Amino acid sequence: MIANAKKKLIDAGLGVYGWIDDRLHVTEIFEHTAGHHIPKSTSSWFYVFGSATLLCLIIQLVTGTMLALTYVPSGAEAYTTLEYMTYEQPLGWLIRAIHYWGSNFMVAIMILHITQVYLFGAYKYPREITWISGVFLGLITLGLAFTGQVMRFDEDAYWGIGIGASITGRSPVFGAELVQMLLGGPIINSDTLSRFFALHVFVLPGAILAFIALHLRMVLLKGINEWPEPGVLVNRETYDKHYAAIIRREGIPFTPHGIGKDLVAGAIVIIAILGCALIFGPKGPLGPPDPTEIAVHPRPDWAFMWIFAVAALMPEWAEVPAFLIAPPIVIGFLILLPFINNTGEKHWSRRPVAVLSVFAIYLSLGILTWFGITGPWSPPMLAWSGAVTPKDFVVNRTPLELQGLVVFQQKQCRNCHAIDGIGGHRGPDLWNVGDRMTHPQLVRQVIQGGGNMPAYGKNLTPHEVEAVVQYMVSLRPPGNVPALDSAKPAEPPAENRKQAAKEPAHGDRG
Amino acid sequence: MSSDAPNKEACSPANGGCGCSGGTPASGALPPGVVTVEAPAPTTRRNFLFQIGIALNLLAGALISIPLIGFVLSTFIQKFPLQWISLGSLEKFPVGQVRLAQYLNPYRRTWDGETAHIPCWVRRIDEAEFQVFAINCTHLGCPVRWFAESKLFMCPCHGGAFYENGDHAAGPPPRGLFTYEYRVLNGNLEIKGGILPTLANPGNPTEKVKEA
Ligand code: FES
């Protein structure tokens, strides 16, 4: 009786499914998409980054739409709505935080994905278009991250746009016109915000969805890259057969047998984004986008920190090549990569150049990012009035030397020069400058500047120069004598010691 | 997946031959992936309409593109002439000192809010002589700050510094500060402004540029 009912129920269910399938062809669609066969070797933790990036995008689309319910993209209102979302709207802060952390994770996981497919040789025949569409996806993702910073329309966003305009203003021929087009007018204003809004909310998301469609279509058409084996070379004539054989031999349906690790990784990513959002909250907004509030320290988000560092470290002649010529070359190289290197070894152990280049890129971007975050060249603008001078650098000084210290502070020298690590790092730390430079050298440096230091000749009286230089000479590690002019004949060592002993300020600091 | 025969579904009877006009019922006998193509048929009413349709759409597309592209490129082409703007009465600027002034962007929108206020540095050299500097560092546009004690403009971004007269003093900026053209009218200091100065358009055609 019960068995009979159960059978009837199953039949009814199958009947409904059959009816739907007959209309919608779901079984067929499934077999061609989620259920397609993949090499068993690709059901690996190394292959989860692509789906995790896609998952981040979905989170971004959902939370971005929610933010758009409140956000007003106008110069007058954007900041007010950001504050409202962050401090008043129920859960507004959390949605902002998820959107911010979602973007961080999306960029980071995408970088892992690119690294993985590069090291696994996935860009080679026949997956050229898969790779190229991926390059575009990467660029669009960075574009979304960049325009997203502008949506957080605070002081950093305002001056960040100014930086973008200044870089654009270096383009030859049409520089001025391009700046105007970037800003939507002659000056940063509401029109500027609106065009970044249109890019961030319509153009780039539309483009990313289109390229994802192409990217996934290519994955289905040409298959996921099999786990590479050293010594198994890609050959245009034989590869398709080779791949078909792998699928026949060890193919498993992606759903349900291959997708497990993607699901686990996806859940971890969601929890991580939510966790970061809950613990660290949203970023900013910092101060309002009021251009007359000039006490700011504009900084980009971490993904663009390395560019900020490059801008500071680069000599002037390198600016145009670095800002305007290098990016098209790098992007062009990435697009052409599958044609430059179309066949042969896929396994990383046989591709030392690939491994080394990944290493070099990670290292240099990592170091630049670190420099960008610590920003040693950005003068702390309040060091001259706020930075403390450690005791050892004050005690046992003559009145003249102490006067020199006062001049040193008052003339903002401290904004660029640290004493024992405290203060600016644009110029050298002066804790031992008396050891390195002689009195005349110091006078010349102070008066004439040079080597990235302004000349203070016009702003210091001769007495002030003398006082500052006396103080500089006193800055030496304990026991060291002042720097000597190497052009002068050396004095007997005994003399030296006597001279050092005569100057009580030197040598016995702690 | 690559093992699928691409033409299996495209030519199934269910979709009535649409999109696979080249396929014939005999294609089942051919290896998968091969589609036979018939010799072009002589002009019929149907493909004549098709050709007319394509041509009409090209024309219509071109027509509608003119305003669309024009709209997108309008800011590329449009000229925004500099305008005389008052910075206020001369009393605000003591001789021998540098003061922060601000003006309203002449090309502002009513919905610009605080972004319509643009700051600049005014240096009064003597009774009649001024220098008005743009706030933007000539390196990458960050706002420079005046330090009266050391008589330097310092940039918070990459450590650029400029002397009191705007000349480059240190750091990565490629030239001295951008300046505004100015005049004194009815006891007011006026500048010619209305642009974010960049290396491509420093915004003062009268100035003599001093390289770093
Ligand atoms: S923006 Fe001023 S030094 Fe770079």
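Me: Which residues in H5(A) meet H12(A)?
Reply: In this predicted model, Trp93(A), Leu94(A), Ala97(A), Ile98(A), Trp101(A), Gly102(A), Phe105(A) and Ile109(A) do. Their partners in H12(A) include Val269(A), Ala272(A), Cys276(A) and Phe280(A); contact means heavy atoms within 4.5 Å.

Me: And what's that contact like by class?
Reply: It has 15 nonpolar residues, one polar and no charged ones. Ala, Val, Leu, Ile, Met, Phe, Trp, Tyr, Cys and Pro count as nonpolar, Asp, Glu, Lys and Arg as charged, and the others, Gly among them, as polar.

Me: How do the axes of H5(A) and H12(A) cross?
Reply: They come within 8 Å and cross at roughly 130° (axes are lines fitted to C-alpha atoms over the stretch in contact, with angles from 0 to 180 degrees between N-to-C directions). The two helices are therefore oblique to each other: under 35 degrees is roughly parallel, over 145 roughly antiparallel, 65 to 115 roughly perpendicular and the rest oblique.

Me: Switching to chain B, what's the strand order in the open sheet?
Reply: E1-E10-E9-E4-E3-E2, with antiparallel pairing; two strands pair if DSSP finds at least two bridges between them. Strands are DSSP runs of E, at least two residues, and helices runs of H or I, at least four, numbered from the N terminus.

Me: Which strands are at the edges?
Reply: E1 (83-89) and E2 (98-104) of chain B, each pairing on one side only.

Me: How many bridges join E1(B) to E10 of chain B?
Reply: Six. Gln83(B) stands opposite Gly193(B) there.

Me: Anything on numbering and cut-offs?
Reply: Residues count from 1 along each chain as its sequence is written, and chains are lettered from A and ligands numbered from 1 in the order written. Local features need pLDDT of at least 70, side-chain atom pairs count only at pLDDT 80 or more, totals for chains, interfaces and linings use all residues, and side-chain values use heavy atoms, leaving out hydrogens and water.
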